[in-house]
Structure formats: C-alpha cells, structure tokens
Amino acid sequence: MPSPWPAPTAGAPVCGQVSVPASKSLTNRYLLLAALAAGPSVVVNPLESRDSRLMLAALETLGARVERIADWQGSGEPAVRVTPLRLEAVTDPAAADPATGGPAPQIDCGLAGTVMRFLPAVAALTGRVVHFDGDPEARVRPMGAVLEGLAALGVTITGEGAPGPGNAGYLPFTVESPGGIDGGEITIDASGSSQFVSGLLLAAPRFRRGLTLRHAGSSVPSLEHVEMTLTVLSELGLTVSSPEPYTWRVEPGPIEAFTVRVEPDLSNAGPFLCAAAVTGGEVTMRGWPKHSTQIGRRWTQILPEFGAEVTTAEEPGGETVTLTVRGPKHLVSPGTVDGTAELTPTVAALAALCEGETTFTSVQHLRGHETDRLAALVAEIRRLGGEAEETEDGFRVFSPITHGGLVRSYADHRMATFGAVLGLVMDDVEVEDIGCTSKTMPEFPELWRDLVESSQ
Ligand SMILES: O=C(O)C1=C[C@@H](OP(=O)(O)O)[C@@H](O)[C@H](O)C1
Ligand SMILES: C=C(OP(=O)(O)O)C(=O)O
C-alpha cells in the first residue's frame, strides 16, 4: 500500500473554478443500453474511471465491440462507440455459448455496484453461461434481490454466492439462461439498494414481454437513481411507467441506436463545492445541468442548509447554469439530514466540521456500499476527536473533529474524499489509499491540489 496522502490544507479560503468528469451512473447506464441497442451507439464525454472501464470490459467480454474516439466530430470531447451484443441465443436456445463454444466468460465487477447489479440481466439475455466475481469488498455487497428477481424470471443462478438457505446472495455467482428472458411480472425487496430495481429495468426492453417490477418491503433508497433509469429509458424512446408507488413497468421494444452526451458527475462535484463551504471561499462550476436526474442536484439545497450561499447564472443554450457556492464564516448544522444516499460521506464532512449535532436518517443501506459507510464514518470522525455514533437507520455527529490524523478509506472513494475535505481546515490530516478515488474520479488528487493551491 503506498504511503498515505497528506491532504492539502487551505491556508486561505478556497476560491476557484472546477470542472469534474462525467457521471458514473449515467455513463454506465448509457454504455449498457448501447450494448443492447439495435445498432452502434455513441456515448460522448463518457466517464473514464475504474467503474466505467469495468463496465466496458464486461460488455466486451459478453460480445459487444468498443471503439474509443479521441475527438468526437471536432467537439474536442472523447467518445465511445459501442457495437451491440448479439442476442440471437434468445431465439436459438440450443446455442448455450454461441460466441466461442469455449469456457464461460468471466465478468470482473471490481467494486462497482453498477456492474455487479446491472449486468446479470444482460448476461442472461446473451444466453451464455457467465461467471461474476469482484474485489474482496464487493463479495459482501448485497446481491440477493436482483438474483432472486432473475430466478423468478427463469434464469438459473448457481455458484458459491447464489441465494439459498443461509445465503442472501453475493458474489461470486454464475448466470445462465439459454432461452434469454421472457419477462412478465415479479416482486422483489429492493430496500437494500435502488440498483436492484435499475438492474432489472435497464435490460427489460429486451425481455420478450417486458417487465412489471414491484417492490415489497420497507422503502427503496436513492429513488433518484430509479428515476434516472426510467428517464434514460424514456429518452431513448422506450415506454416506461410507474402505475403505482414502488411499481414500475417497462414495455418490450427495440432500443434504437443513439448518440448521447454525458453530464458532469454532480455527486463528485460535492467535495469541491464543500471546499468553498468549509473554508469560507467561493467555488464556481460551469455546465451544471438545469434539470438532472442525478442525486447530486441536491447540493443546491444541502449546502444552504449548512449556511453556504448557492447562486446560479444562466448559460448560453438554456440547458445549463454556472453554479457558485460561497462559504459562510461558520458552518451551521441543519440538525437533520435525510436520505442523502451516496452524498452522505461528503455531507458528513460538513457535519464533522460544524458546531451542533447532525443526525443522518434513512441511510441504513449505506452499510452495503463500498464499505459499511455508517461504521466507517463514525470510526473516522471519532479517530479525529469528534463525537459520533451509529443509529438504526444512520448516524449522529455530536461534536466536530478536534485534530488531524490518518483517515482510513476502506477502499471507498467517498471516504477518501471525506478525508480530503476535513484536511482543508484541520492540520495534519492524511488519507490512506487516495488511489481508490479512481473508482469514479481518477483525477481527484490533481484537481483537488490545483484548486487548493490556486487559492493560496
Ligand atoms: O444506480 C446507480 O447508478 C446508483 C445507485 C445508488 O445505489 P444505492 O441505491 O445502493 O445507494 C448509488 O448510491 C450508487 O452510487 C449509484
Ligand atoms: C455507492 C456507490 O457506488 P456503487 O455504484 O458501487 O454502488 C457510490 O459511488 O457512492
């Protein structure tokens, strides 16, 4: 393991402009749908990170062709052209592994929820026998609902992690469905992750009868991500609906070849916007989408709740704004923060730097993220002298951190960036394994250093 990363301290309010790479969630949805489309599709400005590379590699393993384009039509932006998978096994059940006749393909999911939860249904559509595995940390992330959903649709799931007595369903497992997927109506418990819903709905246009998916259980977390899935499908011309709460319907139909440009990752913009909030600085981001399905759109509400000012200015074209965050003299706690899903570690950095208690609610499913984020956040806040404790559905921060030290990242990119935000205002913070930010933002250390140094 390389030595810890000394988090840059802001000697002055952080002021500057930042632009962040493309959205992980949108990139991986578009790449998957391109692989299921009727002809070659182009994803412009895709995210280039570990999670998106794993998605592309997996789609190639399943039979898609991927070409990288350095400059899309003179725009200066890179793109990826995906030539779709051949799903003829769906109509030729005899051809169990028609592509090679050789050993079953292996998908490496790394630690990517969007790969491990979204691709089993796609693998089943190819009719091949496909093995899935991932990082040691990925082997404890819940998979049961998506695998049980596929099993209810007639897909055979086998292997060490297949759901069964005493096993809720985890990596590694094998997916096999020589006849493709008929579809129909199923019920799953998606209270562990919205990705269970998205992972079934995204492939559903290619199910012969489409899919009606019902959720039964306590609430589905991170509903913005389900909304993203439905919006992306509908923008690509598919018929989707939500006839009642927690029920979704995707009609069968071809996915016409498409070209799409990916928005910046608004979740990954968070730490940079927080840099202004915690140092009393001013950070500007151009190209903030006016209407986005990303959960990171919530920064415009969350930051003011902690006392920061957020303003926007229209940009030419009418689709985007320039967003500016100005930090207050002293952060204030809003008291309660509800359902912040993947934004939580970054919001927790704000909570760990302000006076007053902050209670995080409806984030129990974070125990199944890259690490158990509730345990990790409480442990790291305490290690730096703050007071915090876990609750049933979240955690509470009672008092701010008081000193620097090593922030452990637990292979979790958002724990690493949590440490970076704390390091801006607390001397001697070091972050273990800053390289884990490559999951969604390999350029994080450089972008961070540039922003902080340009303010000194
Ligand atoms: O669909 C997606 O792209 C995601 C859904 C969310 O998962 P959970 O519902 O498990 O939080 C989110 O946290 C994750 O980072 C990305
Ligand atoms: C939960 C996250 O990732 P994943 O897509 O791996 O679930 C995240 O990025 O915060």
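The model is predicted, so local features need pLDDT of at least 70 and side-chain atom pairs count only at pLDDT 80 or more, while totals for chains, interfaces and linings use all residues. Residues are numbered from 1 along each chain as its sequence is written, and chains are lettered from A and ligands numbered from 1 in the order in which they are written.

I begin with Glu-342. UniProt, in an unreviewed entry, places the feature "active site" at this residue; such annotations may be inferred rather than shown by experiment. Glu-342 is found in the loop between β18 (336-338) and α10. Helices are DSSP runs of H or I with at least four residues, and strands are runs of E with at least two, numbered from the N terminus. Glu-342 counts as buried because it has 26 C-beta neighbours inside 10 Å, the cut-off for buried being 20 or more other C-beta atoms within 10 Å, with C-beta atoms placed from the backbone.

I turn to ligand 1. Of the 13 residues around ligand 1, Glu-342 is among those that come nearest, together with Ser-25, Ser-193, Ser-194 and Ser-222; a residue is near if its C-beta atom lies within 6 Å. Helices α3 (113-116) and α6 (195-201) each supply at least two residues of this shell.

Finally, the helix pair. Helix α8 (residues 266-279) packs against helix α10 (residues 344-351) at an angle of about 10°, with axes 10 Å apart; the axes are lines fitted to C-alpha atoms over the stretch in contact, and angles run from 0 to 180 degrees between N-to-C directions. That makes α8 roughly parallel to α10, the term for angles under 35 degrees.

Methods:
Angles under 35 degrees count as roughly parallel, over 145 as roughly antiparallel, 65 to 115 as roughly perpendicular and the rest as oblique. A residue is buried if 20 or more other C-beta atoms lie within 10 Å of its own, exposed if 12 or fewer, and partly exposed in between; C-beta atoms are placed from the backbone.
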